[in-house]
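Please have the structure open as you read.

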Amino acid sequence: LDGDLGMSNIDVMFGARAKSNIYNLVTGEKDVHQIVTNIADNVDLIAGGSGIYELQHLDVYQKRSLIDQVDELAGEYDFMLIDTAPGIADNVLYLNSSADEIMVVLTPDPSSLTDSYALIKVLNQRYKVSDFSVICNFVKDEKEALNGFNRVSEVASEYLNVRLKYKGFVPMDLNLRKATKSQQLILNSNPRC
């Protein structure tokens, strides 16, 4: 589920174009099964809609309806990933709080560390979320990943009542960048990178 509502682009990253999106769902034009788009072998997408201002301001009923309808797909998939926008906008917080596991992705960039902590803090204070998983992205190696994780974890444990679990890292790889720019799946263009 592309949770960057109104600014969705995951379909573009897969070199596909979704014909329907979450806007069609929340307006009642289509049901959840009608907005699912197959974008790769064993990968389906619920597009968040691109350039749709109204999706930035969903009311409580629309948010609840969205989650209820997406829940109807539970038995049809092994996993559902919700890729939210960065930040602490209402849609980001709501979608994160609806997930079984919240995976915070951080990079070594100082602003990413600060933003990740802010997301954890607001989800903890507003939604009483206390367990978070963390993946470090765009790092040289595991040492750099653990450094970033430890910085966020130390601040969080000092000021919040939360548990952060280190889930691993994704190394910086120019092949991944090239695949992204050419809208190709890395598993197809360079599976060993």
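The radius of gyration is taken over C-alpha atoms, and the globule rule used here is 2.2 Å times the number of residues to the power 0.38. By that rule a compact globule of 193 residues would have a radius of gyration near 16 Å, and the protein chain agrees with this at 17 Å. Please keep in mind that this is a predicted model, in which local features need pLDDT of at least 70 and side-chain atom pairs count only at pLDDT 80 or more, while totals for chains, interfaces and linings use all residues. Residues are numbered from 1 along each chain as its sequence is written, and side-chain values use heavy atoms, with hydrogens and water left out.

**Overall picture**

- The protein chain holds eight helices and seven strands; these are DSSP runs numbered from the N terminus, with helices (H or I) of at least four residues and strands (E) of at least two.
- Along its principal axes, the C-alpha trace of the protein chain spans about 45 × 40 × 30 Å.
- Of the 193 residues in the protein chain, 38% are buried; buried means under 20% relative accessible area, exposed means over 50%, and partly exposed is in between (1.4 Å probe, protein chains only).
- The protein chain exposes about 11,800 Å², of which carbon and sulfur atoms supply 49%; the areas come from the Shrake-Rupley method with a 1.4 Å probe, and for residues only the protein chains shown count as cover.
- Taking contacts between residues at least 6 apart in sequence, 70% join residues at least 24 apart; contact means heavy atoms within 4.5 Å.
- The protein chain has 18 positive and 27 negative charges, and their mean positions are 6 Å apart. Lys and Arg count as positive and Asp and Glu as negative, while His and the chain ends are not counted; each charge is placed at NZ of Lys, CZ of Arg, CG of Asp or CD of Glu.

**The nonpolar cores**

- In soluble globular proteins, nonpolar side chains tend to be buried together. A nonpolar core here is a set of buried Ala, Val, Leu, Ile, Met, Phe, Trp, Tyr and Cys residues joined through side-chain atoms within 4.5 Å.
- The largest nonpolar core has 24 residues, and Ile120, Phe132 and Leu164 touch the most other members.
- Helix H4 (90-98), strand S5 (103-106), helix H5 (110-127), strand S6 (131-139) and helix H6 (142-159) each supply at least two residues of this core. H5 gives the largest share, six residues.
- Leaving out residues up to four places away in sequence, isoleucine 120 touches Val104, Phe132, Val152, Leu160, Val162 and Leu164.
- A second, separate core of 17 residues includes Leu5, Val26, Leu66 and Tyr94.

**Helix H4 and its surroundings**

- Asn91, Val92, Leu93, Tyr94, Leu95 and Asn96 are buried in H4.
- These buried residues of H4 pack against strand S1 (2-3), H3, strand S4 (83-84) and H5.

- Glutamine 69 is part of helix H3 (residues 60-71) and counts as buried because its relative accessibility is 17%.
- Apart from neighbours within four places in sequence, glutamine 69 is in contact with Leu25, Asp31 and Val32.
- Glutamine 62 also sits in helix H3, where it is partly exposed, with a relative accessible area of 22%.
- Not counting residues up to four places away in sequence, glutamine 62 touches Val26 and His57. The C-alpha atoms of glutamine 62 and leucine 25 are separated by 9.3 Å, although these residues are 37 apart along the chain.

- Threonine 114 belongs to helix H5 and counts as exposed because its relative accessibility is 52%. Its C-alpha atom is separated by 9.8 Å from that of arginine 151, 37 residues apart along the chain.
- Lysine 128 lies in the loop between H5 and S6 and is exposed, with a relative accessible area of 65%. Lysine 128 is not a glycine, yet has a positive phi of about 60°.
- Asparagine 137, in strand S6, is buried at a relative accessible area of 17%. Beyond its neighbours within four places in sequence, asparagine 137 is in contact with Val105, Leu106, Thr107, Pro108 and Val170.
- Phenylalanine 138 is found in strand S6 and is partly exposed, with a relative accessible area of 40%. Phenylalanine 138 has a positive phi of about 60° too, without being a glycine.
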